Amino acid sequence: MQRSLNRRRFLGVSLGAASAAALGSRVPSALAQQTQATVAPAGLNKTFDNVEIRIATIAEYYAYAFRMFQDEIEKELGVKLSIEVVPANDLYARNMQDYASGSTSYDIAYFLPYQLPDFAPHLDPLGQLLDQYGLDPQLDDVLPAFKNFYTMWDGQLVTLPFDGDHHLMLYNKDAFEDEKLQQQFQDKYGYELAAPTSYDQYLQMAEFFQSTPWRKDGGQGYGTAEGYLEPAWWYENRLASSGALYFDDQMNPLINSKNAIAAAQNLVECAKFNPPGANTFGYQEVENAIAQGDVALSINWSSAFRTSMDPNKSKVVGKIGTAVTPGMMVNGNLIRHDALCTGWVLGIPTYGPNKEAATYVAWYYSRPEVHTAFILDPNTGIDAYRRSSIQNEEFAAKYGADFVKTIEDSLTVGFPDLQLPNAFEYYTSLHNQLKEASAGGKSVDDAMNQVASEWNDITDRMGREQQLEAWSREFNALKEAGIEYVPME
Amino acid sequence: MGQRSESVRLTAAEGRPSVWPSGQAYAKGKARRRRLTPFYFAGPAVIFVFVGSIFMALYALYISFFDYQLQRPGAPRFVGLKNYAEAFTDAKLWTSIWQTFTIAVPALALEIVFGLALAMLLNRSFRGRAIAISLIVTPVMVSSAAAGMAWRLLLEPRYGPVNDILSRLSGQPVQIGWLSSVEWARPAIVLTDVWHMTPFVMLLVLAGLGSISDDIYGAAKIDGASGWRLFVDITLPLLKPILVLVILLRGIDLVRIFDLIFIMTKGGPGTITKTVSYYIYENGLSFFRIGYASAMAWIVAIFFIIFSKFYLDYLRKESR
């Protein structure tokens, strides 16, 4: 019964999507009617004469966030915003093509921080622009993990954060707080059922809930859900927790080190306890699996928890718990890091015609009041990067003190993405090999050796010296943050 | 303007300009205009083809001699044949060519078999024939991208109708990850392409069947042939020119398959469905290795031109 209902619902959603596409022309006006937030800054004495600022983003939930303040920005600054939604990879390609010809389609560059090395040569130093226009980005309020890794390049401020992405672990309380299940688990594995602290436990719990009925509504439950469409983001948590880094200090890949292979092995084994088709799951599908109550455990961006608390989207309001992602035992010590994967930042392209207005708009969107409004609204998909926003009373009241604590704990152990010129190609190689290993197409060892070999090829082609210089920046920043390679014995 | 109008005024008696120097010169001019007329008509198309295809191809050839990586600052570096040498030793390129054939060959074979069968079935008069043909050709009307998206939904593991039908038939839950499993991703692409393009093959074969005279069948029947022998000895040989055309058209289309891959699997899981077009696209427009992607595109183009030439020569010899 459950199955056929779900299928009907699925077909309904598909038909709905088709109808929505057919009615595409009506969508923008409908979206324009979304709630407009107002947190206008006091004493802003600059207005522009109806200047248009073009921004592209990659998903409707980000466009929603931009639109939240569209009217206010027009009123306060006299700036009209043109907001476009473009697929993520297309946006990167479009920007790179524009910049190669010394032009830009967008006044504000919206990109992933791991692409900073590709974007930085085409951005104006934002710190200088902000000083010039007398705008305070309140960087002291930005958590160090994001400030250090996502906004600075060559010792200069070049971007402002927009979305403070990071992973955390989510678990379904129906599964974890059931006394019978707790007893069964204890009998089978010999330790207490609770949010896992290591990936070995995570794997065992995923296995347990895959084979043991746990859903209260009688539906088919699964062990875990992670995004195997681009598995490198989910792998990064494990890689960092395995004590490995992307490269050693001489730019030799550590991705096929004993640590990194152990991390990959865990990810690949967990794939067996995902819902069918998880190889095509991205962020959205994982979030849906959590919100529909399909999975007992999951790792996803922290916005997934906010979605689980939204009665319009979730069947499990109040039933999801959060914790820092698990760690790995390395030489007898538990290492635990959450990936600060992806994230979004705003920069000002050198080639834009309206850099002053663009700087004002980027600054506006990174203001603490605006960021707090973003993270309070479950429709934005934006994660916290400001201390004041995380500590906001309304935020704690809405989502609970446990969630706030998880975010705080998680961000003290954040591990950044790989920041190299052409990092996209390094990540594509990692995604592809992990995907193939997860689908059973090759062994984990072969996959990771292949990644190491491809990474070396990319490095040689891009110029080892240039890549080493970029990597050294990240390597040193990691060292300063206390993150170093711990060879597995 | 006034002066010119005056000089070319026509006289009613002669029907040509009164100021024309002589009848011979007029005839010459007319002949020249006639010679040039086709060029006026063809000109825009020729310019379009030149700029849109030939110039682009030549520019790609030019850029293939450069190390041109978009994200790397500075002008492209001339590297001679280095990109070509790299392509010849690039195992991933050859794997992608092999993977292209593992999709193209079964898809082409199935499309021909099903297309031929459908055409034979419809090559007779019956009530509702026109409607049946119209319904069967519907998939061809759909763009490849739309076909890919539709099949991605149909093949969805948990809620997709394909697994649902299989579950009902087998009496147990079937949750095949069609697009996410190493075993099924390629068959799923083949299935989608066969669904999409078989009607096209059927239409061509149907046209070919229509051109075979009933007299030939009549004569063969008098000689005692029937059923299978008619098909093998008359229908197939006479359809050969059409089938050669089908193999060539569909073959070319299949070896450059891209849209279904892009929509349905993005070359995955891993690199299992990464075809040569997708691999070149990825290098050129995702990794921005413009020079290298151009070199690979030229190698593949030359490879297929030579292959097509040998194929056509072989068929020509056969038909003799």
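**View 1. At 28% relative accessibility, B:Glu86 counts as partly exposed.** Here "partly exposed" sits between buried (under 20% relative accessible area) and exposed (over 50%), judged with a 1.4 Å probe on protein chains only. You're looking at a predicted model, where local features need pLDDT of at least 70 and side-chain atom pairs count only at pLDDT 80 or more, while totals for chains, interfaces and linings use all residues. Residues are numbered from 1 along each chain as its sequence is written, chains are lettered from A and ligands numbered from 1 in the order in which they are written, and side-chain values use heavy atoms, with hydrogens and water left out.

B:Glu86 is in helix α3 (residues 82-88) and B:Arg289 in the loop between α13 and α14 (290-319) of chain B, so the pair ties together parts 203 residues apart in sequence. Helices (H or I, at least four residues) and strands (E, at least two) are DSSP runs, numbered from the N terminus.

**View 2. B:Lys274 and B:Glu282 pair up in a salt bridge.** Their N and O atoms are 2.9 Å apart, and both residues are buried. Elsewhere, B:Glu111, B:Asp193, B:Arg250, B:Asp253 and B:Arg256 are joined into one network by salt bridges that share partners. Side chains of opposite charge can pair when their charged atoms come close.

**View 3. Over all chains, the whole structure holds 31 salt bridges, and this view picks out one.** B:Arg158 is in the loop between α7 (144-154) and α8 of chain B, and A:Asp294 is in the loop between α14 (283-291) and β9 (295-301) of chain A, so this pair joins two chains. The closest N and O atoms of B:Arg158 and A:Asp294 are 3.1 Å apart. Both ends are tucked away: B:Arg158 is buried at 9%, and A:Asp294 is buried at 7%.

**View 4. Chain B meets chain A through 31 residues of its own and 33 of chain A's.** Contact means heavy atoms within 4.5 Å. B:Gln71, B:Arg158 and B:Tyr159 supply 23% of the area that chain B buries against chain A, more than any other three residues. Altogether about 3,100 Å² is buried between the chains, 57% of it from carbon and sulfur atoms; buried area is the accessible area (1.4 Å probe) that two parts lose on being put together, summed over both.

**View 5. A:Asp141 is buried, at 13% relative accessible area.** You'll find A:Asp141 in the loop between α7 (126-132) and α8 of chain A. Its side chain makes a polar contact of 2.6 Å with that of A:Ser388. A polar contact is a pair of N or O atoms within 3.5 Å; within protein, one must be able to donate a hydrogen and the other to accept it, and residues adjacent in sequence count only if both atoms are side-chain atoms. Leaving out residues up to four places away in sequence, A:Asp141 touches A:Pro368, A:Tyr385, A:Arg386, A:Arg387 and A:Ser388.

Conventions
Salt bridge = Lys/Arg side-chain N within 4 Å of Asp/Glu carboxyl O.
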